[in-house]
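Dear colleague,

Please find below the structure that I am handing over to you. My findings follow directly after it.

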Amino acid sequence: FFVNLGFEINKGSNKESRKSLQKLIDDNLQKDQEQARQFSWNTVQVKNLVHWQPYTSPAFYNLKSLVIYAYKKVLKGDRLPLLCTPTHEPHWVDPMVLIDRMAAYQKAGKPVNADDLELAISRCLLKKEGVVAYARKQLKGELASLMYYLYQVETEMSAKLTYHRAWQAASLTGHSIYELGAAYDLPGFKPDWRHYKDRYTWSIKTHTRQIQNWDHKKQKMVMVPYTDLRIQYGQKRSEIQLGFLKNLSNLLKAKTFDTSHQKPLHTANTIKISWENTAKDVDMLYSLTPNNPENLGYSMMSGTFMFKNITSEFDTKGMESFLEKLYDFPTTYSRVLIDLIGLSLVCSNTPLRNLAGEVWIRAVERGQLNNEAVGTTIGVLVKDGYMPLKRFTDTALPLLGLTLEHKQAMATLCTAVILSLHDKPPKGTTSLLNILLEVGLDGDQDLARTKQIMTSWSSSKTLKSAVDKLLKAY
């Protein structure tokens, strides 16, 4: 693809550069063909982008469509800009610039590309004053209404909309509280943020499977039952899911490029396969929906944290990449991201826990995090024996010497952990109580129940002193 693009850009220029490009593709194609002859599993990789099929994420179909659209613009000499090109690092589009780009298409009398518009809306930097007034001045019709809706301004619209996926992206990007309703004919989707953020569920389940083991008496390998704990991830039935199911058959059948198998960007933005370049894929995929990375985060969470221990280096690097991106997340954390932070703070990988601690510090500074919910997630994981409490306390202790704001947040978090535990204290409770002696209990939660749980722990000689001090203080 990039060789073909290079040919077009170099039209009428140095013939030697075009020969170099052709030699590059010929050499790589020859190597591919030799590999294919030697190994049955190898397929020729040098192919036209039109016939390329991604396997790590369905969202790459959307990107593929956009790249082909851009290539066709080059062929036609079309100088109208791509709407989705970032204006600010690492992936944001300034809304004023986006309005100017839309206005250029309207002035030229040309429609915008659906993939381009959807991605531009998903990347739109929302915190900007004067956007609605500027949109009223520069835009008309559906594009003007779309920008009003993105910024939660109710507006009159015609019943027939052209850019369905852009409206879906606007609803989720702006966390819109205004429902468009069935009259606007958005297939397989109810564009209401509340449905989206409550879509995900998880629970800890006992899982039994058959494994091979050596039987010394029989002197042979035999199948024996093996029981362990796993996190079972589920999805509430929502109308977003219906859009996925409608397009699934098209996705599986797709052998050449067409737009029929594409899904809305937010729904498609998942990691399906963990491999050596997962971290690079996460960098790219996060940039597609930076205002609303829940779908991507959930798909990674359900893969990385399914078992007690993280064994895949690819999963670790992918989650590291996601947490690094989350460090600069601009808005309030939804339940999906809260659970992801909670799981990361007690996971088996120490660097991941420390990185999650850094993200927690940043989120508290910005007032983005419900710490009671984070504590509840950690408490459930500990209570059900899935994660040891010591992992959390080891991560939390270095975070105490920060601001008063962080101490209060830690008090809320640790109190919620206690409220999620049972009367039998888990290992690591001493460290948890020592943290609470420094930061205090959160009196806004159920203090009576908190004291009841701690009183039941006072029969333990190792815990009695700390419990008595806390009960005396409260």
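The lining of the largest cavity consists of five nonpolar, one polar and two charged residues (Ala, Val, Leu, Ile, Met, Phe, Trp, Tyr, Cys and Pro count as nonpolar, Asp, Glu, Lys and Arg as charged, and the others, Gly among them, as polar). These residues are Asn62, Leu63, Leu66, Asp115, Glu118, Leu119, Leu265 and Leu288. A cavity is here a set of points, on a 1 Å grid over the protein atoms alone, where a 1.4 Å probe fits but cannot get out, and lining residues have an atom within 4 Å of a point. Helix 3 (59-76) and helix 5 (114-122) each contribute at least two residues to this lining; helices are DSSP runs (H or I, at least four residues), numbered from the N terminus. The largest cavity holds about 60 Å³ of space, the volume being the space filled by probe spheres set on the points, which are joined across faces, edges and corners. In total, the structure has four cavities of 30 Å³ or more.

The model is predicted: local features need pLDDT of at least 70, side-chain atom pairs count only at pLDDT 80 or more, and totals for chains, interfaces and linings use all residues. Residues are numbered from 1 along each chain as its sequence is written, and side-chain values use heavy atoms, with hydrogens and water left out.

As to confidence, the protein chain has a mean pLDDT of 83, with 85% of its residues at 70 or more (pLDDT is the predictor's confidence in each residue, from 0 to 100). Among the elements of the chain, helix 4 has the highest mean pLDDT (98) and helix 10 (residues 239-253) the lowest (38). The pLDDT is below 50 over residues 236-260, a stretch with 39 contacts in the model beyond near neighbours in sequence; contact means heavy atoms within 4.5 Å. Where pLDDT is low, the predicted coordinates should not be read in detail.

In helix 6 (residues 131-138), the buried residues are Val131, Val132 and Ala135 (buried means under 20% relative accessible area, exposed over 50%, with a 1.4 Å probe and protein chains only). They lie on the same side of helix 6 because they cover an arc of only 95° around the axis, taken from the directions from the helix axis to the C-beta atoms. Exposed Ala133, Arg136 and Lys137 sit on the face turned away from the buried side. The cover over the buried residues of helix 6 includes helix 4 (95-108) and helix 7 (141-150).

Finally, serine 420 belongs to helix 19 (residues 404-420). Serine 420 counts as buried because its relative accessibility is 10%.

Kind regards

Key:
On a 1 Å grid over the protein atoms alone, a cavity is a set of points where a 1.4 Å probe fits but cannot get out, and a pocket is an open set with protein on both sides within 12 Å along at least five of seven lines; lining residues have an atom within 4 Å of a point.
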